[in-house]
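Please look at the chain below from one end to the other, and then follow the paragraphs, which go from the whole chain to its details.

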Amino acid sequence: MSNFTSTNSDKRRLEEMADMAKQADQEKKRLSITEAAELSNVTRQAIYVAIKLKKLKAHKENARWTIDTSDLNDYRSHRYSRTRS
């Protein structure tokens, strides 16, 4: 019986580790401006404006902007807060 219990707990632990690895991969993934706009339901121009206003972090690689999924998620969660500058 103890073998069965340890096997189940090991299996759960492996599944949790796999889920954590998937989350880490998603957080490291980079998106184009178009992909970020589609995921956020905004125009590409809105993404460019957010980058220019430093509301969205982006990196320029070989003349193309890329956005980390974690940065896009931060932007999307704070997009509607209208703080004064």
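Accessible areas come from the Shrake-Rupley method with a 1.4 Å probe, and for residues only the protein chains shown count as cover. By this method the accessible surface of the chain comes to about 7200 Å², and 50% of that belongs to carbon and sulfur atoms. The structure is a predicted model, in which local features need pLDDT of at least 70 and side-chain atom pairs count only at pLDDT 80 or more, while totals for chains, interfaces and linings use all residues. Residues are numbered from 1 along each chain as its sequence is written, and side-chain values use heavy atoms, with hydrogens and water left out.

The score pLDDT is the predictor's confidence in each residue, from 0 to 100. Its average over the chain is 81, and 75% of the residues score at least 70. Confidence is lowest in helix α1 (residues 2-28), where the mean is 67, and highest in α3, where the mean is 96.

The chain contains four helices and three strands, where helices (H or I, at least four residues) and strands (E, at least two) are DSSP runs, numbered from the N terminus. Read from the N terminus on, these elements follow the order α-β-α-α-β-β-α. Contact means heavy atoms within 4.5 Å, and among contacts between residues at least 6 apart in sequence, 52% join residues at least 24 apart.

We can now turn to the interior. A residue is called buried when its relative accessible area is under 20%, exposed when it is over 50%, and partly exposed in between (1.4 Å probe, protein chains only). Buried residues make up 21% of the 85 residues in the chain. A nonpolar core is a set of buried Ala, Val, Leu, Ile, Met, Phe, Trp, Tyr and Cys residues joined through side-chain atoms within 4.5 Å. The largest such core has 11 residues, among them Leu 31, Ile 47, Leu 56, Ile 67 and Tyr 75. At least two residues of this core come from each of α2 (33-40), α3 (44-52) and α4 (69-78).

Helix α2 deserves a separate look. Its residues Ile 33, Ala 36, Ala 37 and Ser 40 are buried. These four lie on the same side of α2, because they cover an arc of only 100° around the axis, the arc being that of the directions from the helix axis to the C-beta atoms. The cover over the buried residues of α2 includes β1, α3, β3 and α4. Leaving aside neighbours within four places in sequence, Ala 37 is in contact with Val 42, Thr 43, Arg 44 and Ile 47. Just after α2, Asn 41 takes a positive phi of about 55°.

How many salt bridges does a search of the whole structure find? It finds two, a salt bridge being a side-chain nitrogen of Lys or Arg within 4 Å of a carboxyl oxygen of Asp or Glu. In one of them Arg 30 pairs with Glu 61, with the closest N and O atoms 2.7 Å apart. This pair links distant parts of the chain, since Arg 30 is in strand β1 (residues 30-31) and Glu 61 is in strand β2 (residues 59-61), 31 residues apart. Asp 68 also forms a salt bridge with Arg 30, the closest N and O atoms being 3.1 Å apart. Through the partners they share, the salt bridges join Arg 30, Glu 61 and Asp 68 into one network.
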